[in-house]
Amino acid sequence: MTAIATGAGAFRLEEIPPRRYAHVSGGRPEQALEGRVDESAKTPVRPALGLASISLAFGGVAALREIDLEVAQGEILAVIGPNGAGKSSLLNIVSGIYRLDRGEVRFGENSFREVPTSKLAGLGVARTFQNLALFKGLSVFDNVPMGLAHRVRAGFLQQIVGSLLGRRIEAENRAAAEEVIGFLHLTEVRDRLTGTLPYGLQKRVELARALVARPKLLLLDEPFAGVTLTEKRELSQHVRNARDSFGAAIVLIEHDIGVVMGLSDRVAVLDYGRKIADGTPDQVRADAAVIDAYLGVAHEDDKELI
Ligand SMILES: Nc1ncnc2c1ncn2[C@@H]1O[C@H](COP(=O)(O)OP(=O)(O)OP(=O)(O)O)[C@@H](O)[C@H]1O
Ligand SMILES: [Mg+2]
């Protein structure tokens with residue numbers, strides 16, 4: 001049993017408690033989510049992430065066109081589509097790296113026209129990058145706690161209480177990092193310089209850095225690219241456990257259709273910046289427009305996974 005102790009309490013990754021999170025089941029997700037009620041609490045459930053009519057263009061190229069999308073707490077949403085469809089741009093909007101031209105991003109109760117990158121961690125949002133964004137000259141063990149860097153703030157009170165509080169937070173962060181490293185089977189390479197690791201392992205380090213913050217919303221841009229089939233299966237289980245253990249909403253960009261269909265509760269399909277489908281994996285798999293735009297040209301090696 002692996003428990004991750006943080007300042008906010010411990011969570012267990014391998015013991016999957018009964019699911020406590022409302023999920024979308026079939027139909028148009030927007031309809032399913034609107035005014036949805038958590039039966040146990042009888043309170044409306046706010047989507048962890050809501051995108052309202054998001055548009056983004058680069059010069060004359062429309063990367064995203066009026067995208068509406070919602071992700072419920074505890075839901076895994078896969079975003080698929082051909083190369084250049086706008087998937088990474090979508091995550092870059094959500095994480096404030098790109099500024100949207102029109103529309104709005106909502107995290108629970110908070111709405112933004114410009115997402116403040118510096119506040120993301122405080123809002124419980126963590127992400128990984130398609131092309132990795134690690135400190136390659138630092139060890140694995142030094143990279144992972146970066147996902148908790150927002151916890152140390154140089155406020156006035158902290159300067160007075162100073163090093164004692166700082167040391168305690170740092171110790172907690174390091175303990176949390178140690179646990180995630182163990183959980184993701186990175187212990188053997190914990191002291192290696194990250195840049196010297198094979199690509200698949202670096203992907204895993206990035207996932208560890210995102211998970212260590214125990215995010216409410218986890219954005220994963222092709223986290224399984226370049227890893228072996230066995231690793232994909234294993235990492236998929238870790239992603240699922242992150243959702244089941246602490247109810248993270250997860251947006252997963254992935255080209256491997258087998259992984260997508262097996263892991264996600266819902267799939268949204270982008271094509272030329274438009275959302276052309278949004279439904280359960282089965283609904284999307286049977287959608288003629290999706291087959292034309294994407295599934296019909298799935299990679300040969302995806303077939304063994306479907
Ligand atoms: N920083 C940028 N400057 C100019 N154009 C960009 C930029 N980022 C994305 N684009 C363009 O926006 C469109 C969408 O790109 P994006 O990277 O979001 O696609 P993607 O679905 O993630 O593709 P892939 O599967 O190849 O990663 C493409 O036409 C791309 O060339
Ligand atoms: Mg991309």
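Analyst: Helices and strands here are DSSP runs numbered from the N terminus, a helix being H or I over at least four residues and a strand being E over at least two. The model is predicted. With that numbering, β6 and α2 (87-94) each supply at least two residues of the shell around ligand 1.

User: What makes a residue part of the shell around ligand 1, and which residues are in it?

Analyst: The criterion is a C-beta atom, placed from the backbone, within 6 Å of the molecule. The residues surrounding ligand 1 are F58, V61, A63, G81, N83, G84, A85, G86, K87, S88, S89 and Q130. The largest share, three residues, comes from α2.

User: What is the make-up of the shell around ligand 1 by class?

Analyst: Seven residues are polar, four nonpolar and one charged. Gly counts as polar in this scheme, and the shell includes G81, G84 and G86.

User: Why is α2 called largely enclosed by the rest of the structure?

Analyst: Buried means 20 or more other C-beta atoms within 10 Å of the residue's own. Seven of the eight residues of α2 are buried, so α2 is largely enclosed. Those residues are K87, S89, L90, L91, N92, I93 and V94. After α2 comes G96, with a positive phi near 75 degrees. Over the chain of 306 residues, 41% are buried.

User: How do you know that the length of α5 agrees with its number of residues?

Analyst: The expected span is 1.5 Å times one less than the number of residues. For the 21 residues of α5 (residues 163-183) that should be 30 Å, and the end C-alpha atoms are 30 Å apart, so the two agree. Buried residues in α5 are N173, A176, A177, E179, V180, I181 and F183. H185, which follows α5, has a positive phi near 55 degrees.

User: What makes β5 and β8 paired strands?

Analyst: Pairing needs at least two DSSP bridges between the strands. Four bridges join β5 (residues 49-58) to β8 (residues 102-107), and the two run antiparallel; S55 has R102 in β8 as its bridge partner.

User: What is the order of the open sheet, and which are its edge strands?

Analyst: Its four strands lie in the order β6-β5-β8-β9, with antiparallel pairing. The edge strands are β6 (61-71) and β9 (110-112), each of which pairs on one side only. Direction ignored, neighbouring strands of this sheet are turned by 20 degrees against each other on average.

Definitions and conventions: Residues are numbered from 1 along each chain as its sequence is written. Chains are lettered from A and ligands numbered from 1 in the order in which they are written. This is a predicted model: local features need pLDDT of at least 70, side-chain atom pairs count only at pLDDT 80 or more; totals for chains, interfaces and linings use all residues. Axes are lines fitted to C-alpha atoms, for helices over the stretch in contact, and angles run from 0 to 180 degrees between N-to-C directions. A residue is buried if 20 or more other C-beta atoms lie within 10 Å of its own, exposed if 12 or fewer, and partly exposed in between; C-beta atoms are placed from the backbone.
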